[in-house]
Amino acid sequence: MAAPFIEMRDITKLFAKVVANRRVNLSIGRGEVVALLGENGAGKSTIMKVLYGLYHADSGTILVEGERARIESPKDAMSLGIAMIQQHFSLVGPHTVVENIVLGNVRGIIDARACEGKVRDLAGRYGFDIDPRAIVRELPVGSQQKVEILKALYQDARLIIMDEPTAVLTPQESESLMGFVRAYAEAGNSVVFITHKLKEVMEVADRIVVMRSGEIHGERKREETDERELSSLMIGHELPPLPPSSPAAEGAPVALRLELVNARDRRGVVCLRDLSLSIREGEILGVAGVSGNGQDELCEVVCGSRQASSGSVRLGERDLAGVGIRERIELGIGYVPADRQRDGVVMEMSLAENMILKSSFGKVWRRGPFLDLRRIAASARKAIEDYSIKAPGPEALAKGLSGGNQQKLVVAREVEGSRRLIIFNQPTRGLDLGAIDYVHTTILGEKRKGKAVLLVSTELSEIFALSDKIAVMYKGAIMGIFPKAELSMERIGLLMAGYSGVGA
Amino acid sequence: MKARFLDLLVSVAAAVFLGLAASAAIMLFLGKDPLSAFGLLASSLIRDKYTFADIFVKAAPLILTALAFAVPYKASLFNIGAQGQFYVGALVASAVSLAVGGRLPGVLGQAVALLAAAAAGGLWGSFVGFAKARFKANEFLISMMSTYVALAIMNFFLRTSLMEAKHEYPQTDSFDQGVWLPLIVGDTRLHAGFALAVLIAIAIWLVIYRTPFGYRVRVVGYNADAARLAGIDSKRTYVATFFIAGALAAAAGFVETNGVQHMLVQGFNPGLGSEGIGIAILANANPIGIVFASILFGALKGGGVIMGQMSGIPASIIEIMEGCVMIFVILSYFARSIVERRREKRELQRRMPA
C-alpha cells in the first residue's frame with residue numbers, strides 16, 4: 001500500500017501555558033478532503049500551522065509521501081506542495097489580483113503578461129469569475145478568498161489547508177467554495193478544512209477528524225457518522241436544546257427607535273442609509289447580513305461612538321442626539337462589541353479591573369477617594385461564578401483567559417451594567433459550542449427580563465434561533481424587517497446579497 | 001508571587017553588576033584600572049557622611065522628573081519635556097522665593113513657592129496634552145521642543161527682571177534663608193526635598209493604582225479603544241496626565257532651587273529630564289521602583305564627580321556607566337519573561353502524563 005500524501009506522527013506542541021497538541025497522529029491521503037473539526041482552542045489550527053511551518057513541534061515527525069520532511073518555514077511547506085489559507089487573509093489590499101498572486105514567487109523582471117495569462121488560466125480551470133487586474137481591496141470577501149486559493153494553485157499546491165474558510169462568506173459564496181473543494185480534490189489533490197461547523201463537514205468532507213483539547217478524539221468516514229455523533233465527540237457531551245423563546249410582548253413599549261438614520265465613515269463614504277427600525281422591550285431584533293454591510297456602524301450609532309449625520313435615535317422617549325457614550329451607558333445601554341479584544345477587554349488588566357471598566361465613574365466602587373478593591377474583587381468573584389468564567393480568580397489577567405471566557409467576561413459586565421437595551425455584535429464569533437450555548441441562554445434571559453436586544457450576527461442559525469424579528473442589511477441599508485416565521489434561509493441569503501425584488 | 005519577586009531582585013542585581021562590568025571593560029580601553037576606580041567609588045561614597053548624604057540629594061529631583069515621565073507613560077504618552085517643565089518650576093519657585101522671602105514665615109513661603117511652581121509647571125505641561133487632544137499633535141515632539149522654549153524664557157528673565165543685583169552673571173540673588181528647604185541631616189546637604197520626593201512617589205503610586213482616576217489613566221494607556229467605548233474621555237486623560245507630569249517636574253525645580261542652589265543659575269542641571277526618562281524606564285514606570293532607581297543613579301552621579309577628581313578618569317565615564325546599567329536592566333526584563341515562559345513550559349511537560 002502506498003504511503004499517504006502526508007503523515008504526521010506523534011506531534012506535540014507546547015505553548016507557555018497550554019499543551020496545544022499532544023501526540024497527534026494524522027494522515028492525509030491524495031484526493032481526500034479531511035475536515036478537522038473541533039471547538040475553538042481544540043488545537044486544529046495549531047496542528048496545521050505546524051504542518052505549514054509556522055510553528056515548530058516540540059516532538060514528532062512529519063512524513064511527506066513516506067519520507068521524513070523537515071518543514072522549518074512556510075517556504076519549505078510550499079516547496080512540498082502544501083499551502084495554507086489563514087483565517088485572516090494575507091493579501092496586499094492596494095495591489096491587483098495578479099500582483100498578489102505572484103508575490104514572493106518572482107525574481108528579476110516580472111513578465112506581467114505571462115503571469116496574468118497563467119492566473120487567467122487557473123481561474124478558468126475552476127470557474128472562478130475574477131478579473132486578474134482588479135484591485136484586491138475592492139473585491140468582495142468571497143472573491144478575496146478566491147485570490148488566496150489562486151495563490152496556492154499558482155504555486156502548484158497539492159494540499160490546501162483552509163482555516164475556517166466560510167466564516168466570512170454568504171451562503172451562496174460558501175456553496176461556490178464547496179464546489180471548488182470538490183473539483184480540486186477530484187483532480188487528485190487534498191484539502192484540509194478546519195471548521196467548527198457541522199453542516200459544512202457533512203457536506204464536503206470524506207473523512208472527519210475530531211479534535212478536543214489538543215488531542216484527536218475520533219475519526220469517522222462521512223458515510224458512517226451524523227451531526228449528532230460528531231457534536232458529542234467535539235464537546236464530550238450533548239448540549240441541551242435552547243429553551244424555547246418566549247413570545248415577545250406585542251403591546252410592550254418601544255425601547256429603541258431609529259428613524260431615517262444616515263451616517264458616513266471617516267472617508268466620508270455613506271455607511272448607513274435611511275435606516276429605520278424599532279425594538280420593543282423584551283424583544284430581540286436580529287440583524288443579518290454579510291459582515292461589513294453597516295452592522296458595526298449601526299451598533300456604533302446606537303452606543304454613541306459614531307454620530308449620525310441625519311435622522312434620529314431614541315431610547316424610549318429620550319432623543320439621543322448629542323448624548324455621549326458615557327451618558328448612554330448611564331441611561332442603560334449595554335454593548336458587547338464584535339472585536340472584544342480591541343473594544344471590549346483591557347488585556348493587560350485583571351478580570352476584576354475589567355469588570356469595572358464602564359462603572360468607574362460612579363460611587364459604587366469607591367471608598368473615600370480610593371477604589372474599594374475588596375468589593376471589586378468580591379463582585380468579580382461573583383461574576384466568575386454566575387457566568388461560569390473559567391479563570392483562576394479575580395486577579396487573573398484578561399489576556400490569560402481563552403476567547404470564550406473573555407467574551408463571558410464582557411457579556412457579564414454588559415448584562416450587569418445595562419438596564420434597558422443591550423447590543424450584541426457577533427456575540428459568539430470564535431467561541432466554542434459550550435460558550436455559544438451560554439451566551440445564547442444569556443441573551444434569551446435578558447429578553448425575558450424585559451430588555452430590548454439588538455443582535456447583530458453573520459451566523460444565520462444564530463439569528464434564527466434567537467430573534468423575534470429579523471432585519472437584513474446590505475450596503476448600509478435595511479433590505480427589510482420580517483417576523484422570523486416569514487423568512488426562509490434562501491430568501492435571507494438573497495437579501496444579504498442585495499436582491500430585494502424576490503417575491504413578497 | 002514570591003518566586004517572581006525574587007526573580008526581580010536577582011535579575012536587577014545581576015543587570016546592575018553586568019552594567020558595571022561592561023563599563024569596567026570600557027575603562028580598560030581608556031587604560032585605567034577599573035578595580036581601583038570602583039574601589040575608589042565605593043569607598044569615597046561611604047567614607048564620609050556628607051558624600052553619602054549627597055546621594056539622596058541627587059536622587060530627589062531625579063525621582064520627580066522620572067515620575068514626570070512615568071505618569072503620562074501609564075496612559076501610553078511620552079513626556080520628553082520634563083527638562084523644560086523643570087526649568088519652568090525652577091523659574092517660578094525662584095521668582096516667588098525672591099518675592100516672599102523674609103516676608104512670609106519659612107514653611108509658608110516654601111509652600112507658596114512649591115504650589116506656584118507646580119501650578120505653573122502643570123499648566124506648561126498640560127499645554128502639551130491639550131495640543132495632543134485638540135489637534136492630534138505628537139506629544140513626543142511638542143514636549144521635547146517645549147524644553148527649548150522654557151529654557152529661552154528662563155534665560156530671558158535671568159537677564160532682565162530676575163538678574164542678580166550686581167548685574168554680572170545671568171543668575172538671581174541668593175534667596176532669603178527662610179525659604180530654604182530645611183536640612184534633615186546636619187552637616188550635610190540633605191534637605192527635606194528628598195523626603196518630599198519620596199512622599200510624592202508614594203502618593204503617585206496610590207493615585208495610579210488605587211483611585212478611579214488612575215485606573216482610567218491605565219485603561220487609556222492599555223487600550224484606548226476600549227476606554228472610548230466605556231465612555232472614558234482619553235482627551236481629558238491626556239491633559240490631566242500632562243498637567244501632573246508638568247507639576248512633578250516643576251516640583252523638582254523647586255527642590256533644586258530651594259533645597260540645593262538657593263538661587264537660580266542659568267541652564268543648571270541640564271541632564272535631569274533625560275536621566276528621569278532613563279530611570280522611569282529602568283523602574284518600569286513603577287513609582288516605588290523609581291525611588292530606588294533614582295538612588296542608584298544618585299550614587300553613580302555622586303561617584304562620578306569624585307572619580308573624576310581623584311583617579312584621572314573623566315567624570316563622563318559615569319554617563320557610560322549609567323547607560324550600561326540601563327541597557328542591562330532593560331534586557332533583564334526580557335530575560336525574565338523568557339525564564340518565566342520556560343519555567344511554565346517545563347512545569348507543563350512535567351505534569352503531562354506520558
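## Reading a two-chain predicted model

Reader: How many residues does the contact take from domain 1 of chain A and from domain 2 of chain A?

Author: Two residues are in contact if their C-beta atoms, placed from the backbone, lie within 7 Å. Here the contact takes 9 residues from domain 1 of chain A and 12 residues from domain 2 of chain A, and α6 (171–186) and α8 (227–235) of chain A each supply at least two residues of the domain 1 side. By class, that side of domain 1 of chain A has 4 nonpolar, 4 polar and 1 charged residues, where Ala, Val, Leu, Ile, Met, Phe, Trp, Tyr, Cys and Pro count as nonpolar, Asp, Glu, Lys and Arg as charged, and the others, Gly among them, as polar.

Reader: What order do the strands have in the open sheet of 4 strands in chain A?

Author: Strands (E, at least two residues) and helices (H or I, at least four) are DSSP runs numbered from the N terminus, and two strands pair if DSSP finds at least two bridges between them. The order in this open sheet of chain A is β2-β1-β4-β5, with antiparallel pairing. Because β2 (19–28) and β5 (67–68) of chain A stand at the edges with a single partner strand each, one side of each is left without a neighbour in the sheet. Strand β1 (residues 6–14) of chain A is joined to β2(A) by 6 bridges, and A:I11 has A:V24 in β2(A) as its bridge partner.

Reader: At what angle do the axes of helix α3 and helix α7 of chain B cross?

Author: Two packed helices are described by the angle between their axes and the distance between the axes. Axes are lines fitted to C-alpha atoms, for helices over the stretch in contact, and angles run from 0 to 180 degrees between N-to-C directions. The axes of α3 (residues 49–74) and α7 (residues 192–210) of chain B come within 8 Å and cross at roughly 20 degrees. That makes α3(B) roughly parallel to α7(B), since angles under 35 degrees count as roughly parallel, over 145 as roughly antiparallel, 65 to 115 as roughly perpendicular and the rest as oblique. By class, the contact of α3(B) with α7(B) has 15 nonpolar, 1 polar and 1 charged residues.

Reader: How many residues of chain A are in contact with chain B?

Author: In this interface, 28 residues of chain A are in contact with 20 residues of chain B. β2, α10 (325–331), α11 (340–344) and β18 (370–371) of chain A each supply at least two residues of the chain A side, which has 15 nonpolar, 4 polar and 9 charged residues.

Note on methods. Residues numbered from 1 in each chain as written. Chains lettered and ligands numbered in written order. Predicted model: local features only at pLDDT ≥ 70, side-chain atom pairs only at ≥ 80, totals over all residues.
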